Amino acid sequence: MNFTKYRLVLMFHDLNKNPKSKFDVKWNIFKRYFLILNYLFNLINKKIENKILVTFDDGYYSSIVAARYLQKYYKINSIIFISTNNLNKKGYLIDQHIKKKMNNIFIGSHGVNHISLDNNLNYSTIYKELYESQKILSNIRNKKINKLSFPNGIYCKKSLKIARELNFKYIFTSKRASNRIKQKDHTINRFVIMKNTNLLLILLAYSGVLDQVQTLKRKIYV
């Protein structure tokens, strides 16, 4: 699977009926997004599964339910990025969920403790966060994990270098832009979907209009 081919990568967190965080999205809104997006893609004779990749951060249980839904109804591929300290906690995925083989639902690392991997951390701390999470998930899946999402979308040259040393092939950020233009550091942009994100913004992101005007919520290189 080549994850660099997707024009737009969407990023969700938890899905539930009563969002408490600004990063949570209601189930009915989530389903409405893809119902309308799929309809619009069909109108222009494009297959949504070839243009949009969906990712889920942190490892909530809702992630796997949503990923299965997208695969069943729209054939959309998904990546679930897991902070390994969340594993087996209430409301999160358990080992058995990710041990099973899942068609076109992939697992990626999101660090161990979900801390920002910036220059405030030393080399050994960053290395441990990435190495340990990769090791834990690889052992559960019985397959090398080569996909990474930086916690909080924050990274630095040091953390990027370590990620490369650990052979993470696909590295995702939280930059709210499309992937029409490849990043110089070979990272992959993701458009963060929040509780009140309007569908029009997603369409603008796909079109590339927002690539030059969207700013990062946090600074990438610190």
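Reader: Is Asp 57 buried or exposed?
Author: This is a predicted model, in which local features need pLDDT of at least 70, side-chain atom pairs count only at pLDDT 80 or more, and totals for chains, interfaces and linings use all residues. Residues are numbered from 1 along each chain as its sequence is written, and side-chain values use heavy atoms, with hydrogens and water left out. Relative accessible area decides the matter: under 20% is buried, over 50% is exposed, and in between is partly exposed (1.4 Å probe, protein chains only). Asp 57 has a relative accessible area of 2%, so the word for Asp 57 is buried.

Reader: Which residue does Asp 57 meet in a salt bridge?
Author: A salt bridge here needs a side-chain nitrogen of Lys or Arg within 4 Å of a carboxyl oxygen of Asp or Glu. For Asp 57 the N to O distance is 2.8 Å, and the partner is Arg 190.

Reader: How many residues apart are Arg 190 and Asp 57?
Author: Helices (H or I, at least four residues) and strands (E, at least two) are DSSP runs, numbered from the N terminus. Asp 57 belongs to strand E4 (residues 52-58), while Arg 190 is in the loop between E8 and strand E9 (191-192). Arg 190 is buried too, at a relative accessible area of 0%. The pair links distant parts of the chain, with a separation of 133 residues.

Reader: How many salt bridges does the structure hold, and what does Glu 165 pair with?
Author: The structure's count of salt bridges is 2. Glu 165 is partly exposed, because its relative accessibility is 37%. The two partners are 4 residues apart in helix H6 (residues 157-165), so about one helical turn separates Glu 165 from Lys 161. With the closest N and O atoms 2.5 Å apart, Glu 165 forms its salt bridge with Lys 161.

Reader: What type of aromatic pair do Phe 3 and Tyr 170 form?
Author: Both Phe 3 and Tyr 170 are buried. Phe 3 sits in the segment before strand E1 (8-12) and Tyr 170 in strand E8 (residues 170-172), so the pair ties together parts 167 residues apart in sequence. Their centres are 5.0 Å apart with 85° between the planes, making the pair edge-to-face.

Reader: Which ring does the charged end of Arg 176 sit over?
Author: To qualify, NZ of Lys or CZ of Arg must be within 6 Å of the ring centre and within 35 degrees of the ring normal. The charged end of Arg 176 is 4.3 Å from the centre of its ring, and that ring belongs to Phe 191.

Reader: Which residues does Ser 83 touch?
Author: Ser 83 is in the loop between strand E5 (78-82) and helix H4 (95-99). Ser 83 counts as buried because its relative accessibility is 1%. Contact means heavy atoms within 4.5 Å. Setting aside residues up to four places away in sequence, Ser 83 touches Asp 58, His 110, Gly 111, Val 112 and His 114.

Reader: Where is Leu 204, and what is Leu 204 in contact with?
Author: Leu 204 has its place in helix H7 (residues 199-207). With a relative accessible area of 28%, Leu 204 is partly exposed. Ignoring neighbours within four places in sequence, the contacts of Leu 204 are Val 209 and Leu 210.

Reader: What is the phi of Lys 75?
Author: Most residues other than glycine have a negative phi. Lys 75 is in the loop between helix H3 (61-74) and E5, and counts as exposed because its relative accessible area is 57%. Although Lys 75 is not a glycine, its phi is positive, at about 60°.

Definitions and conventions. Rings of Phe, Tyr and Trp (its six-membered ring) pair if their centres lie within 6.5 Å; planes under 30 degrees apart count as stacked, over 60 as edge-to-face and the rest as tilted.
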